[in-house]
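Hello,

Here is the structure I said I would pass on.

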Amino acid sequence: MVMNEAMMDAIEKDKLIFLATANDENIPNVVPIGFARPLDNKTVLIVDNYMNKTHKNLEKNPKASFVLGDVRKCPYQFKGTVQIFESGKYFDEAVDWAQSVMTKLNPKAAILLNVEEIYSVEPGPEAGKRVD
Ligand SMILES: Cc1cc2nc3c(=O)[nH]c(=O)nc-3n(C[C@H](O)[C@H](O)[C@H](O)COP(=O)(O)O)c2cc1C
């Protein structure tokens, strides 16, 4: 249940992930997210700048899944549980990061995704199999 170096590097360098959440009626919701980067091999920091349904979903149901925009480079599906921080060190890190890229950004929260399961999405016999 840990990301390897290649996965972490791909998340760090990719410009986009696609983040899926679900509401309390199990309606799925997927959004593109630019501010996502690994903090260590189990944790991805995601900056909530504009989240609406995503934030509401995560407050009620903290389970989330994402794939990279550049999924050919990193053909994995990541699943985990999030914690939402609206103050404190993760929030401060999110604000510093976002504002270092775009000064006008005013993050609402830092979303910390604890990666618990990783699956291959590589087309072929490994598709859908759990790798960690
Ligand atoms: C290229 C791109 C990058 C985005 N990056 C972020 C981001 O880093 N953080 C964020 O909160 N919203 C980001 N958004 C906005 C979300 O994709 C989405 O519009 C927002 O979460 C509202 O949708 P929701 O109601 O489904 O949550 C981005 C949108 C695009 C098109």
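Predicted model: local features only at pLDDT ≥ 70, side-chain atom pairs only at ≥ 80, totals over all residues.

Ligand site. The ligand is surrounded by 15 residues, and Gly34, Phe35, Asn52, Lys53 and Thr54 are the closest of them. By type, the shell holds 8 nonpolar, 5 polar and 2 charged residues. Strand E2 (28-33), strand E4 (43-48) and helix H2 (53-60) supply at least two shell residues each. E2 has the largest share, with 4 residues.

Nonpolar core. The largest nonpolar core has 29 residues, and those touching the most other members are Ile11, Ile17, Ala36, Ile46, Ala110, Ile111 and Leu113. At least two core residues come from each of helix H1 (5-13), strand E1 (17-22), E4, strand E5 (63-68), strand E6 (76-85), helix H3 (89-101) and strand E7 (109-120). E7 gives the most, 6 residues. As for Ala110, once neighbours within four places in sequence are left aside, its contacts are Leu45, Val47, Phe85, Tyr90, Phe91, Glu93 and Ala94.

Helix H2. Thr54, Asn57 and Leu58 are buried in this helix. They lie on the same side of H2 because they cover an arc of only 95 degrees around the axis. In general, an α-helix has 3.6 residues a turn, so residues three or four places apart point the same way. Glu59 and Lys60, on the other side of H2, are exposed. The buried residues of H2 pack against E1, E2, E5, E6 and E7.

Regards

Notes. Residues numbered from 1 in each chain as written. Near = placed C-beta within 6 Å. Nonpolar A, V, L, I, M, F, W, Y, C, P; charged D, E, K, R; others polar. Core = buried A, V, L, I, M, F, W, Y, C linked by C-beta atoms within 7 Å. Buried ≥ 20, exposed ≤ 12 C-beta atoms within 10 Å, placed from the backbone. Contact = placed C-beta atoms within 7 Å. Arc of directions from axis to C-beta.
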